[in-house]
Structures are given as structure tokens and as C-alpha cells.
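Please look over the sequence and the structure shown below. A short report on selected parts follows.

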Amino acid sequence: MPSRRHFLAGSAAAAGLAALPQLPVAAPAAAAEGAEGAAQRPPNLVVVLADDLGYGDLGAYGQKLITTPRIDRLAAEGLRFTDAYAAAAVCAPSRAALLTGLHTGHAAVRANPDSGGQGALRDGDTTVAEVLRARGYRTGLFGKWGFGPEAADQPSHPGARGFEEFYGYIDHGHAHEYYPAYLWHNAAKEPVAAGTFAPETIAARALDFIDAHAAGPDPFLLFLTPNLPHAPSDIPDVGPYASRSWSASNKAHAAQISLLDAQVGAVVDRLRAHGIAERTVVLVASDNGPHEEGGVDPDLFDANGPLRGYKRNLYEGGVRVPLIAWAPGRIAAGTTSSRPTPLYDLLPTLADLAGAPAPSDTDGLSAAPVLAGTPALAPLHGHLYWYRDEQGVTARANAQDAGRAKRVAEAVRQDRWKGVRFAPARDRSVPDAQWQFELYDLAADPGEQHDVAAANPSVVASLTTLLRSSWADAYPRRAWGLTLTSDGVTLTTRLANGTARAWTDVRVEPAVPAGWTAVPAGPATAASLAPGATLTTVWTVTAPGTAAGPVSATATTSEFRFTAATRFTPLPAPPTADSYLSDLPWVSAANGWGPVERDRSNGRKEAGDGTPIAFGGVTYPKGLGVHAPSEVVYHLGGRADRFTALVGIDDFSKNQSAAGATRAVVRADGRTLLTTGTLTAATGPVALDLDVRGVRLLHLLVEDANGNSAFDHTSWARAHVTVR
């Protein structure tokens, strides 16, 4: 069965805010490590991503009412970007773009899930954590992940996307709770004591991660992603803002930002205490512009600075965000950069810093030369692109959009020009003439107050072409890294070089339980693996008995190491004589009952009895009952000659309702042998007689045929194979 890809291997706030745990004085790790080894090891990397922190919410960017001394100090001691951009105006697509290096015209997640967008990452959505794991980094994420489903064993879990340690919120909506009943730790829900303020617990776990990995031997990647200062404005203590004549929401919002500042300070203090600040790069940013939810007034704080717009707007205030880079001895103090730098540049930037094998099909470009003080060497984007399909509406944002907040919108920046356009509704495929296009000259009008589209038709036409070219309905990724799949007989390893340079000294090795063997049917090594090439090896597995077991594989090159893992379930023995399928053990069964549902919630029948199936008043023994959509798989091992059956909506379902409508499909080793027409109670069953000579795996599927899965109970009567 397919597996997902794995790569396993503070100071206190201002008066009144809760103090974060302090580290006892310890001998610096760097002192114990030779200077030569420290210099050769790639830097530790820390990314702090705030939630709804505006461009003007920090003192370093002009904030006057909220105190942020620790982040301001990082800006003074490091590099402040003036033209950094979130990839979207709301959090889920912004975070997906940051993690995968793709802008919202290509990324898997392009809208918040509560607005109807895809809310999950998928296998193949390579993240920065996966890339750095291949370079030997220890990886941890603490705080808001923001992609569902809220379950452990699925491709969108942080653990499946490269983070070996995770503590916080998986789901987008769950992250809105500051006093949750539980938080996730890796693959398990952990209850949280009543009254626990989650941001403090999450920050403490992040400091623990630093403690665990400060001494090495491997560098680490730490993502600290608190839900501060997202609504609601919850915090145990508003601290120095208690005496202000503001609303309770505004006081709490200011205190949230100061707490965020204290948490950043605590991270820096912990790095210094361990003696590793000089070999660590810290980045602080936000996922989009400032919010106005829960009674917060962003205008009171001038949260968007000189810019127009808020969270949900594609004007500068909705997408231009703070970005500060700090690394003593590596990044010059007191520097600024006006390079337009979207946060989807983080994947190639961090990969560049780490010497990691970055995918070559990302939209991001490395800003590492900017951090190194050689900005002229940093590649520049030809243009930046944003997409917005957001159904949440807030008053200020809607006013900035002139009442068009629920319309699909796009934006593009090319040099000084910024184009923002609105579709007539939610269909971005409508002709360009139906969009409302606005054009702003950011060099002369950074606040986007003057629409100059009418005076610059050629610029409008050029930017419209860029907008169209930036969107792809589907953006299949190039294969990258190591995958491991099993079918009960073999393991297949695939090492794909999705980077732009060759890998040398390539070797792939599986690891199976004691007593098992795995023998390759082809090469498992290569002197070189070219960009875009894949080394695929099929391994025949011999396992005693039929018990499943964990299997893994490791791929190494001269520079990198990849690992992947799955479970291998040996196939049951194939039939040795003519047999009803209900008498055979199945390989897998989804949405079935009767003999295929034994040891599950429904039926609990032992194999061998078969379920009586009635069609038109005639009862047949040895049946398989299923419900659309369903799939039952049997191992024939190439020993059978023919498969026969009756398949249709049986009398049991017909007597409940005549509304059922399905199709039956028979597949053999991945190829389709037969697809029936639509099956209903009125059509009766279809008789099948199929040649299955040489077939190893037989798949029996039932699909819904009318968009309504109610009353779609469909049965396979007298399903039988003859053996040669």
C-alpha cells in the first residue's frame, strides 16, 4: 500500500506579562565543540511566524503604542526588510506557500478552508522541513500548523511533511482557541489542564527543543508559529496596557503582541545561554496583514503603517509584512533591504544557508546573498503574484475593497507597478474585460491612493498577461526525495532528484524486520543521479507468516540522506482450487460487510460462510455485500483462469428505496477489465465472466453513479474464481 514520504531519523514580557521559563546557566555548547567543526556545520535556523501581525505593529516598523523591545533589538542588530510580502492575505494559503516555496497560483492550498478552499497538503507537497531533514537537520514545529484533517496518519500532518517533532494545533479552526482542551504532540492528542494559556505552553516546548539539540551533533530547524495576535484577543494579563483608555479587546491585542515579542526574546536568550547564537539564523515574520476581528481597532495602532488595507485585502497593507533577519557575525547590524521578498523565498533561502537539496520547481528565489551582505548577488523576481478567494468579510477590509471582499481577486507587483483586479464574482476564468483593474505606482504612491490604470493602458495589458500566466489550475510537482511503497509481495523504492544539480555516490537500502529478506531485482546504486532522474528499485520481500511489519529505506548520496517508512503486510496465500471469493482472505476491504467486514464494526462473520444475496427473489449463497464507494482486493497470485459473478443492487436495498444507482468496476493489477453501466434496482444484476489468467491482484469496486450515495448497497453474488 502506498506510504506517505517521511524524513525521520525568554525573557519576560513587559511588566505584568507572564515570564517564560528560564534556562539554568550552562557551559556553552560551542565551547565543547572545536572551532573547525562549528565552522563547518551548517547554521541552526529559527523561523518565528506571527499570526496576523501587521506591517506597522512593531516598533522597528514605526509602532508607537505597543512595546516590542526584543524584536526591535533584533532589527537594530540585524537586517530589516522593507518590502517583504506574505504570499496571501489570509493564513492557510500564506503558510502553505511559505512551507512549499510556491505562490498562490501554484500552491496546493490557495484559500482558507472555511472559504471552500483545499485545507490540506498532500504527498509530494515538499516542504522546507523535508528539504532540511535530507541535510541532517533536526526539525520541530511548535504552534499553529493550520492544515487539516485533524488526524495523525495522513499526508497533511506535520510529521508527514518533514517535522520530526510537533506540538500545537493541526487544524485551522482549532488554532483560534487560546484555552484549548487539548493540543497535539506528534501523532497524539494531549489533554491540556483547564485554564492553560496555550501560547505559553507552546513557547516552553520550543525552548525545550533548543535545549535538546543545542549541543548537536546535528543542526536544527525550529519553526515557532504562535497564534498571536490572531483573534480572539485572549490573554491572562494585559500588563502595562491595563491603565490605557482603550477597549478591553485593544488592550488584550496589544498585550498579545508584547507577549509575542517576549517569546522571541526568550528564544534569543536561550540561544545565547547555550552559546549557539553566533551559528544560528533567526527570522521573524507574519503570515498576513493586521486583523480587525473581535473588536480590535487596527487604526488605533496604525497597524498597517503607511500602507492601505488589512488582512483579506490584496493592497499592500494586507500582504506586506515585517521580516527581520538576525545572526550575530553573519548578518551586518542595522541594515535594511528593499528587495521585494515574498515569504515563499524562505524555502530556497534556508536550503541555500543549509546546503540542502532544494526542489527546482519552486517559485521562490534564495535571499541568502542579501543576508550575507551581498544583495547584488541575490536573484530578483520578475514579478510577484497573489490570489484571493475569501468568503470571510470584515468591515474595514470590505470598505478598502469597495464592497468587493467576497469576489475573487488577484494582484501582481512588477518593479514599481502594482496591479490589483477583481472578478465579477468567484470565477477567475472570466474574460479579462470583465475584471475591474486598478494600477498603482508604488514608488510615488506606496499607500495606493491613486489608481493610474486609465493613464497606463500598456502597463495594465502587460500586468494582465503576467496575472494570467501565473495561474495553473493544477501544478503537479516534480518527484523529489525518497518514497517507499509496498504491495504485499514487493517493496519499491524511488529516489528522485528533483533539484537542479546531479547527486553522486547514490545508494538505496531497505530495512526489514529480523527473519525477513529483501532482494533487489535491479540496481540500487548509481555513480550519479542527474537532475530530474529517478532511481527505482523493486525488492522482492520474503516474510515468515502473514503478520505485518514495519519496513523502511535509506537513500544516501555524497551529501544527503533520505529515509522513508511504511508497513508491509504480506499477501495471503493465493487460491489452490476453485473458490468462492467469500471463502478467501481478502488483501484489503473498504466499505464492505459480511465476510469482508469480519473483525470490524458490522457483521463480524468469519470467512467462509458467505452472505446470502437476493436478486429478483432468487437467493444466492457466498456473496459479498458492499456500499458505494467500495473496494475489495483479493490475491489470485496468477493462478486463476476465470472470474464470474452477479453484481447489482440487491433486493434488500431495493425494498428500502429505488433511489440507489451505482457502477461496478473490475480491475486487475491496475488495469480495468470491465466497467458496468449504471446499476439500479430496476436494471437488475449484471452477469460477469472475465478472463483473469496471470492476474495477481483482483480489485472489485463499486462507484456511486448519481451523486447520492444513499441506498447504494450493491452486492457481488456467487463471486467465484476457477483455478487452472
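## Report on selected elements

Threonine 611 is buried, with a relative accessible area of 3%; buried means under 20% relative accessible area, exposed over 50%, and partly exposed in between, with a 1.4 Å probe and protein chains only. Threonine 611 belongs to strand β27 (residues 611–615). From threonine 611 to glycine 625 the distance is 7.2 Å, C-alpha to C-alpha, with the two 14 residues apart in sequence. Helices (H or I, at least four residues) and strands (E, at least two) are DSSP runs, numbered from the N terminus.

This is a predicted model, in which local features need pLDDT of at least 70 and side-chain atom pairs count only at pLDDT 80 or more, while totals for chains, interfaces and linings use all residues. Residues are numbered from 1 along each chain as its sequence is written, and side-chain values use heavy atoms, with hydrogens and water left out.

An open sheet is formed by 10 strands in the order β7-β6-β5-β4-β8-β1-β9-β10-β2-β11, with mixed pairing. Two strands pair if DSSP finds at least two bridges between them. The edge strands, β7 and β11 (335–337), each pair on one side only.

| Strands | Sense | Bridges |
|---|---|---|
| β5 (residues 165–169) and β6 (residues 182–185) | antiparallel | two bridges |
| β6 and β7 (residues 188–191) | antiparallel | four bridges |
| β2 and β11 | parallel | three bridges |

Tryptophan 184 in β6 stands opposite glycine 168, and its bridge partner in β7 is lysine 189. The hairpin of β6 and β7 has two residues between the strands, and asparagine 186 there takes a positive phi near 55°. Leucine 79 stands opposite threonine 335 in β11.

In helix α3 (residues 69–77), the residues Arg70, Ile71, Leu74 and Ala75 are buried. They lie on the same side of α3, because they cover an arc of only 145° around the axis; the arc is that of the directions from the helix axis to the C-beta atoms. The buried residues of α3 pack against β2 (79–81), α7 (248–273), β9 (280–286) and β10 (323–326), where contact means heavy atoms within 4.5 Å.

The axes of α3 and α7 are 7 Å apart, at an angle of about 55°. Axes are lines fitted to C-alpha atoms, for helices over the stretch in contact, and angles run from 0 to 180 degrees between N-to-C directions. The two helices α3 and α7 are therefore oblique to each other: angles under 35 degrees count as roughly parallel, over 145 as roughly antiparallel, 65 to 115 as roughly perpendicular and the rest as oblique.
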